[in-house]
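Biologist: Walk me through this model, please. I want each label set against its cut-off.

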Amino acid sequence: MFKRIRPLFSITALSTLLLVAAPSQAATDKPINVVASFSILANMTEEIGGPLVSVTSLVGPDSDAHVFNPTPADARTLASADVVVINGLGFEGWIDRLIKSSGFKGELAVASKGVQPLGFADEHAGQEHGDDDHGHDHGHGHEHEHEKVHADSHADKHDHGDVDPHAWQDLRNGQIYAANIRDALIAVMPAHRDQINARADQYIEAIQVLDQATRDRLAPLSPPFKRIITSHDSFGYFAKAYGVEFFAAQGWSTDREVSAGDMARLVREIRDDNVRAIFVENMSDPRLMQQIAEETGVRIGGQLYSDALSPPGTGADTYLKMFESNINTILQAIEP
């Protein structure tokens with residue numbers, strides 16, 4: 001038995017109240033132009049910059065940054081930016097060419113700077129053993145098929161090199177992202193240092209609270225209830241931080257078709273390891289996961305948000321709400 005912990009709605013509400021209470025910008029100040037590579041970074045920048053920034057996201061909600069193709073209009077958008085915020089770790093394989101073609105000369109913020117990146121071996125070890133005593137023994141005598149699935153996926157990491165770029169899926173890394181964005185904004189607007197610091201401090205505190213609540217909610221689950229399937233391998237940091245084991249049909253990028261061999265191995269892994277739920281991702285075609293659900297008899301547990309937020313005004317339209325939505329969806333699907 002485990003103790004059921006109440007939903008986290010109060011956490012995002014607290015974050016909103018804290019940020020609303022921050023000092024407002026003088027009416028005579030014009031917001032600086034910030035361009036973020038994708039929606040999660042755009043939201044973080046808006047939370048920290050508030051009225052001091054006007055933020056444009058190159059890759060919008062429910063959209064896939066892996067297969068994004070910049071246009072001349074995007075280059076013009078970058079050219080007029082004061083700050084550009086990117087993830088780094090090879091996530092935006094197109095960003096260097098875009099920056100060069102745009103002639104951008106402003107402040108470049110690499111949000112993942114200072115993150116300890118996960119490589120293939122690190123990610124696999126994190127899924128089996130966790131980072132906070134969430135380790136487990138499958139108890140199987142067979143060789144794990146997911147090792148083969150991940151090995152095949154590993155060959156598909158040409159866009160990202162040898163590291164997983166989805167570092168925001170660990171809320172402790174989210175705090176690093178926020179600090180890097182804060183520093184970039186202060187570098188461009190030193191006169192507003194106090195205001196930016198105040199908003200960043202409040203935002204980081206809200207991330208810390210959500211991180212602890214996430215651990216508290218997931219820790220009571222025994223290992224058999226922590227095995228789930230997603231579309232692509234974007235939850236490695238989540239797995240290592242919170243002790244949930246993820247299997248994926250695709251590698252770290254979504255730009256490669258899933259082969260029949262990948263499908264067969266994944267189906268065997270689902271059956272052998274008693275996986276409890278399959279999830280679709282908001283920026284991926286759900287048909288692949290529907291096919292896997294039909295072949296295995298494992299139900300689709302809902303929609304997770306990995307690389308993109310939901311549209312404004314919906315349930316996962318901020319970084320904190322995205323994380324909260326994912327936790328609620330996972331628990332509703334896998335709790336015994």
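This is a predicted model: local features need pLDDT of at least 70, side-chain atom pairs count only at pLDDT 80 or more; totals for chains, interfaces and linings use all residues.

Modeller: Residues are numbered from 1 along each chain as its sequence is written, and side-chain values use heavy atoms, with hydrogens and water left out.

Biologist: How many helices and strands are there in the chain?

Modeller: The chain has 12 helices and 10 strands. Both are DSSP runs numbered from the N terminus: helices are H or I with at least four residues, strands are E with at least two.

Biologist: What makes Lys105 exposed?

Modeller: Its relative accessible area is 78%. Exposed means over 50%, buried under 20%, and partly exposed in between, with a 1.4 Å probe and protein chains only. At 78%, Lys105 is therefore exposed. Lys105 sits in the loop between α4 (95–102) and β4 (107–110). Its C-alpha atom is 7.6 Å from that of Ala79, 26 residues away along the chain.

Biologist: Why is Asp62 called partly exposed?

Modeller: Asp62 has a relative accessible area of 32%, so it is partly exposed. Asp62 belongs to the loop between β2 (53–59) and α3 (72–79). Its phi is near 60°, a positive value in a residue other than glycine.

Biologist: And what makes Leu89 partly exposed?

Modeller: The relative accessible area of Leu89 is 22%, so the label is partly exposed. Leu89 lies in the loop between β3 (83–86) and α4. Leu89 also has a positive phi, about 60°, although it is not a glycine. Most residues other than glycine have a negative phi.

Biologist: How do you know that the span of α7 agrees with its number of residues?

Modeller: Helix α7 (residues 171–188) has 18 residues. The expected span is 1.5 Å times one less than the number of residues. That gives 26 Å, and the end C-alpha atoms are 26 Å apart, so the two agree.

Biologist: Why is α7 called largely enclosed?

Modeller: Of its 18 residues, 13 are buried, so the rest of the structure largely encloses α7. Asp170 caps the N-terminal end of α7, with a side-chain oxygen 2.9 Å from the backbone nitrogen of Arg172. A polar contact is a pair of N or O atoms within 3.5 Å; within protein, one must be able to donate a hydrogen and the other to accept it, and residues adjacent in sequence count only if both atoms are side-chain atoms.

Biologist: What makes β9 mostly covered?

Modeller: In strand β9 (residues 277–281), five of five residues are buried. Ala277, Phe279 and Glu281 cover one side, Ile278 and Val280 the other, and all are buried.

Biologist: How do you know that β9 joins β10?

Modeller: Two strands pair if DSSP finds at least two bridges between them. Four bridges join β9 to β10 (residues 300–304), and the strands run parallel. Ile278 has Ile300 as its bridge partner in β10.

Biologist: What is in the largest nonpolar core?

Modeller: A nonpolar core is a set of buried Ala, Val, Leu, Ile, Met, Phe, Trp, Tyr and Cys residues joined through side-chain atoms within 4.5 Å. The largest has 78 residues; Val85, Leu185, Phe238, Tyr319, Met322 and Phe323 touch the most other members. Helix α12 (residues 319–334) gives the largest share, nine residues. A second, separate core of 13 residues includes Phe247 and Val275.
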